[in-house]
Amino acid sequence: MSPSDIPAYMAHVGVAARAASSTMAAASSAAKNAALRVLARRLREAGPALQADNALDLQAARAAGLAEPMVDRLKLTPQVLDTVAEGCEQIAAMPDPIGEITGVKRQPSGISVGQMRVPLGVFGMIYESRPNVTIEAASLAIKSGNACILRGGSEALHSNLALWKLVQAALVEAGLPADAVQLVETTDRAAVGRLIAMPEYVDVIIPRGGKGLIERISAEARVPVIKHLDGNCHVYVDAEVDIEQALVVTDNAKTQKYSPCNAAESLLVHERQAAAFLPRIGAIFAAKGVEMRGCPASLAILASVPGAKLVPATEADWAEEYLAPIISVKVVASLDEAIAHINRHGSHHTDAILTTHHPSAMRFLREVDSASVMVNASTRFADGFEYGLGAEIGISTDKFHARGPVGLEGLTSMKWIVLGQGETRR
């Protein structure tokens, strides 16, 4: 089917995905694991050929004037390929969630009622830049017994096509349908519009990319969307705190890497610790070129830090996701003020409290309305791999159907099962 006729092409893809999803839902763990191990092997064997295809994307990206950091995200280096191959093997080694029965309880009528974990069916994923996401999404789809339709960014088309062919070959070698993983072979944006409006074929959409992409998908989709728009993650330094530990954790949360959605963008400091903590963290940030956009109280304290880049914060700064060496800083009078500030200005992604006071830690865990809430740990841990999920297909700040890093279980649902011995209702 030619992708030039977008409606017909996407309908063909949808029909094939729905048919494959039935086979995948019934597939054995052995077959799914075999496909993942074969895929890992093929990824390693195809290294030089994949890098040749990848070179076409890199050349086109540079010719189009793409910034070098964005070009870097496109690269399929030997290290990247080995990492995704290892990821396939790790997912193969994980327990299969499909078919798991939990919570069975006998009822007074005699029936036993429980729940069984089942695949969602077909998910569509729309993502930008990184071609390794093609393998991450495919491997999670295979293990969770789903079919998926992938639409990568136009800047990685050659790389994605080459990776997808390896996935389909691995599926066939393991006796599973090649159409369980499909890649949209056109860069025409109309294909995205069709993909997110096919509830008869697609059960959920997962966008992974910039805020503009996710806002568009969320506004136009006719099927459920698992998403997060941005990551304005907070670190709150409490009135009672181990300052040495807080310095290390705050520094890591902000500067270990600036671009991920789980990097800290806002720092709140209790007024009892501000004079002791802010000059020291300010010196660390100044040495690394981090700009601090502060409230009047924080700026007055930070003014003594040599070389500090200080800017008065605006109201917009409290809600900003910088993805850059910039952080907003505010002195707060209480834990109550910190929690209220986070729930008002945060993005419900990841927020951390640094404290030695157990009641404050427990209140923070209960009352901060975010997908991940942490005590004495860097926000950079908000990641499927770090949470022991093996891998993640994205992070959700929604409350239905998944929240936080979405791994294998996030690609499943539960159905009720009833076990009886001829009981009838009276």
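Axes are lines fitted to C-alpha atoms, for helices over the stretch in contact, and angles run from 0 to 180 degrees between N-to-C directions. Helices (H or I, at least four residues) and strands (E, at least two) are DSSP runs, numbered from the N terminus. The model is predicted, so local features need pLDDT of at least 70 and side-chain atom pairs count only at pLDDT 80 or more, whereas totals for chains, interfaces and linings use all residues. Residues are numbered from 1 along each chain as its sequence is written, and side-chain values use heavy atoms, with hydrogens and water left out.

**View 1. Helix 5 and helix 6.** The axes of helix 5 (residues 78-93) and helix 6 (residues 132-143) come within 10 Å and cross at roughly 10°. Helix 5 is therefore roughly parallel to helix 6 (angles under 35 degrees count as roughly parallel, over 145 as roughly antiparallel, 65 to 115 as roughly perpendicular and the rest as oblique). In helix 5, Val80, Val84, Cys88, Ile91 and Ala92 are in contact (heavy atoms within 4.5 Å) with Asn132, Ile135, Ser139, Leu140 and Lys143 in helix 6.

View 2. Strand 3 (residues 122-127) joins strand 6 over five bridges in the parallel sense, and Ile126 stands opposite Pro207 in strand 6.

**View 3. Helix 9.** Leu213, Ile214, Arg216 and Ile217 of helix 9 are buried (under 20% relative accessible area; exposed is over 50% and partly exposed in between, with a 1.4 Å probe and protein chains only). The buried residues of helix 9 fall within an arc of 160° seen down its axis, so they line one face of the helix; the arc is that of the directions from the helix axis to the C-beta atoms. On the other side of helix 9, Gly212 and Ala219 are exposed.

View 4. Strand 7 (residues 233-237) and strand 12 (residues 350-354) run parallel and are joined by four bridges; Tyr236 has Ile353 in strand 12 as its bridge partner.

Terms used: Pairing = 2+ DSSP bridges.
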